[in-house]
Amino acid sequence: MSTVGDGALQDYEVPAGSRDELIDADGSPLPHATKLLAALERLGPERLEAAGRRRDTIFMQQGITFEVPTGDGERRDRAWPLDLVPRVLTAAEWTAIKRGLAQRIRALNAFVDDVYHAHEIVRAGIVPWSLVVSRPQFARPVHGVRPPGGVYCHVSGCDLVRGGDGRWRVLEDNVRTPSGISYVIENRLAMTRLMPELFEGQRIRAVDHYPSLLLDALRAVAPGVDGEATVVLWTPGPMNSAYFEHAFLARQMGIELVEAGDLVVRDAVCYMRTTSGLQRVHTIYRRLDDDFIDPLEFRPDSLLGVPGLVRAYRAGTVAIANAVGTGVADDKAVYHYVPEMIRFYLSEEPILENVPTYLLTDKRLREHVLGRLHELVIKPTSESGGKGVFIGPQADAAQRERQTRLIEELPERFIAQELVHLSTVPTEAGDGRLAPRHVDLRPFAVFGEEIRIVPGGLTRVALSPGSMIVNSSQGGGSKDTWVLDDGESGDLAPGTLPAQRPPRLPDVRYGGWHGQAQQQQQ
Amino acid sequence: MLARIAHELFWLGRDLTRAEHTARTLDGVFHADIAGAPGERSISLSWEAVLTIIGGKPPAPGEGAAGEETLGVVAIVEARPLGRDQTARLLTLDSGSQASIVSCVDRARERGRILRDVISTEMWEALNSFYLSLGRYDLAAAMRTGPYSVYHEVKERCALFWGLVDRTMLRDDGRAFLEAGGRIEQADMMLRMLLVTVPGASERDGHESEAIALLHAVGGAQAYRRAVRDAPTVGPVVRFLLYDGSYPGSVASSVAALRDALSDADAVPRTSPPVLRLERLIAELELQRRTPETGDALDAILGRVQGELALIDRDIGDRYFAIAVLAAVHL
């Protein structure tokens, strides 16, 4: 608990158990936030509030909105809720996060490869095979298919949280179709327009190179081509809630935004329908789940799919990013094993920890969890977007009763996690005053020839006091995330890297599909 | 360029041009209605005529209900002529009627949303704020006090959009299809206008004020004054609007620009049926321009040009968009 003198930070009280990222325990700004808070102080509440109104107008005009369902069943556009106080991370902090994420993504990628090929981690007795095959995202049709360079998780976004002890932990992995990067870039752009005063005297790392990173990665994984590879972004359609992001990325990368009807597979080669006939497609960055991509292999009732696409993928004529079947690695039950994976595949100690997680299939653990239900968070496995999450401290007796019954019925469908007291960041609370609000962080990584991570990421913030639910569909907002460039990056300069890098997986040569084509001939 | 995207761009151009033309027409008719002397009229620029021009348009593809809607309008006209207020409201702010300005802008904005990766950000913002500004307007009140400001805003916003196309959009196939959509709609609207308003040859004398009203309704009064020396009687005005290549709104200009746009978009324009058909139409218009006017030839020409334009529209669909439509049928 702490209070700060007067001005914007009047009555600033950090909730018990959490830690604030910009203000320390006795109420004075932390060293990396002094300039920012001084600038906010100079700005004053009135101008902060005025900038908020300007922001809403600009976002409505630019169509940076998301749809919220209203009471009467209609959907209404709302301006994207960007909080005007940025979150600040130091370069040293960021370097640790970046290394931890890169390590984790390498391990997840190796796991996906292992699951569809050698099953080494299963043989070693670390992950039970019954758990792997029972995941709904386990994709039998792609067994034995290895994309160029052995990269499966081209795009990933892991959700990080910071507990009361100040350590960063991974809350969730997301290696299917993580979204939010467009908002990272739009947030930064809006902040430089609305609040240029805050940027004065600070060096902040840029985020707007993400589209070119992504395009490079997508080109790098294209199967052998003579000329330039044709890369497309596949969207489920304008009705999808993330359509803004799909169009944004396609525009920034200068590639076609396709829908299922635009793609067609002939003789195991994928084409798109253009005004001058069919044109070959080499890489598809898809923004829909495995289940829907090919009605011949997955859900037969999918109208969003392209019949025969998986056949073309198996034949190696088209690359799909993320690869088919990666969902098995971001399942919540598999999450529990990720630190073990890092030790097994990389022989390294995990840099970023997991939130303590309990699998409920073990009888003794289950009883322990049921006894502590009022303290824990219960999540259904194989779900995303905060669906079906049970938060112990906020539930009443009846809800606990119902959850107990659900768990006892199907224990393998749930995991239990310790509650993390999310860290807080000063946030504009409606009238220009600042108040602490809980945040999480989703950095975005791109894996092409190597893993590249955009500095910062999407910070989501719960806008109501004390709430820890940051989803934008449930009243959450977002913040611009700054990574300070204070000369302590610890990055290797490009010149110090060897020209030839070793392959990421044994026996996989980078670039092209030669290995696989040979396998298929045999 | 994806066939579906090309199709959307084509119809984005059509929708916006339709909105602009509707605004111009309504504005001109309002003016003629208030200022014009009652009595005999040679150019029948009346409210019923306006409904026939705009309301009788064939619906855009995928707008099943549109057909019934426009038919409904016609049925009302036959039963009982609508007054000024009802017609203006129907064609300006009735979001239920597919022909109204509000619906055109709605559709254009929806297409803009789909096309956000193709068009420039500024173009999208122009479309979006156009849509938002119409929503913000108390249109009903504005219509009562004087619709001039509403129509003026529609014209300005459309001009802003096309200006941004010029300044910010890449000169590629996408731009060509957008322009083609705008041009074919322009030619089509002008022809409809002339077909409905121009009377038979026998009654085509004098009536200066009515011809001026027609010029105002298509926004070409000043251009006519400067380009043509003759007094604005029906004959010269119609010939001006049909043949004069120096006036950007004339049928001849629109058709020529449509040909240019399609030649840009097509890899092999020499084998493209719509381009070939357009070449012939352009030649015919040029020939007619040089032929002295004889009696009621004008009516026949108007009809023939409109028929040709419908065939060109069909050819464009067959050559460029059919592949996308096939996909829809397949699904």
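These legends walk you through several close-up views of a predicted model.

Residues are counted from 1 along each chain as its sequence is written, while chains are lettered from A, and ligands numbered from 1, in the order in which they are written. Because the model is predicted, local features need pLDDT of at least 70 and side-chain atom pairs count only at pLDDT 80 or more, whereas totals for chains, interfaces and linings use all residues.

**View 1. Chain A as a whole.**
Let us begin with the overall make-up of chain A, which holds 14 helices and 24 strands. Helices (H or I, at least four residues) and strands (E, at least two) are DSSP runs, numbered from the N terminus. Of the 522 residues in chain A, 46% are buried. A residue is called buried if 20 or more other C-beta atoms lie within 10 Å of its own, exposed if 12 or fewer, and partly exposed in between, with C-beta atoms placed from the backbone. Among contacts in chain A between residues at least 6 apart in sequence, 69% link residues at least 24 apart. Two residues are in contact if their C-beta atoms, placed from the backbone, lie within 7 Å.

**View 2. Where chain B meets chain A.**
Here 23 residues of chain B are in contact with 20 residues of chain A. On the chain B side, the elements that give two or more residues are α1 (3–35), α5 (101–114), α6 (121–136) and α15 (297–330). By class, this side of chain B has 15 nonpolar, two polar and six charged residues. Ala, Val, Leu, Ile, Met, Phe, Trp, Tyr, Cys and Pro count as nonpolar, Asp, Glu, Lys and Arg as charged, and the others, Gly among them, as polar.

**View 3. The largest nonpolar core.**
This core has 238 residues, and those with the most contacts inside it are B:Ala6 and B:Val251. A nonpolar core is a set of buried Ala, Val, Leu, Ile, Met, Phe, Trp, Tyr and Cys residues joined through C-beta atoms within 7 Å. The largest share of the core, 14 residues, is given by α1(B). Not counting residues up to four places away in sequence, B:Val251 touches B:Ala187, B:Met190, B:Leu191, B:Leu241, B:Leu242, B:Leu285 and B:Val305.

**View 4. An exposed glycine in chain B.**
Look for B:Gly146 in the loop between α7 (139–145) and α8 (148–168) of chain B. B:Gly146 counts as exposed because it has 10 C-beta neighbours inside 10 Å.

**View 5. Two helices crossing in chain A.**
Helix α2 (residues 91–115) and helix α11 (residues 338–346) of chain A pack at an angle of about 80°, their axes 9 Å apart. Axes are lines fitted to C-alpha atoms, for helices over the stretch in contact, and angles run from 0 to 180 degrees between N-to-C directions. α2(A) and α11(A) are therefore roughly perpendicular, a term for angles of 65 to 115 degrees. Residues of α2(A) in this contact include A:Leu108 and A:Phe111, and those of α11(A) include A:Ile342 and A:Tyr345. The contact divides into nine nonpolar, one polar and two charged residues.

**View 6. A four-stranded open sheet in chain A.**
The strands follow the order β15-β18-β16-β17, with antiparallel pairing. Two strands pair if DSSP finds at least two bridges between them. β15 (357–359) and β17 (390–391) stand at the edges with a single partner strand each, so one side of each has no neighbour in the sheet. Three bridges join β15(A) to β18 (residues 414–418), and A:Tyr358 has A:Ala416 as its bridge partner. β16(A) pairs with β18(A) over five bridges, and A:Ile378 stands opposite A:Ala416. Two bridges join β16(A) to β17(A), where A:Val377 stands opposite A:Ile391. Four of the five residues of β16 (residues 376–380) are buried, so this strand is largely enclosed by the rest of the structure.

Most residues other than glycine have a negative phi, and most peptide bonds are trans. The peptide bond from A:Ala321 to A:Asn322 is cis, with omega near -15°; A:Asn322 sits in the loop between β13 (319–321) and α10 (332–335). A:Ala268 has a positive phi of about 60° and lies in the loop between β9 (263–266) and β10 (269–274). With 16 other C-beta atoms within 10 Å, A:Ala268 is partly exposed. A:Ser347 also has a positive phi, near 50°, and belongs to the loop between α11 and β14 (353–354). A:Ser347 is exposed, with 7 other C-beta atoms within 10 Å.

Terms used:
Parallel < 35°, antiparallel > 145°, perpendicular 65-115°, else oblique.
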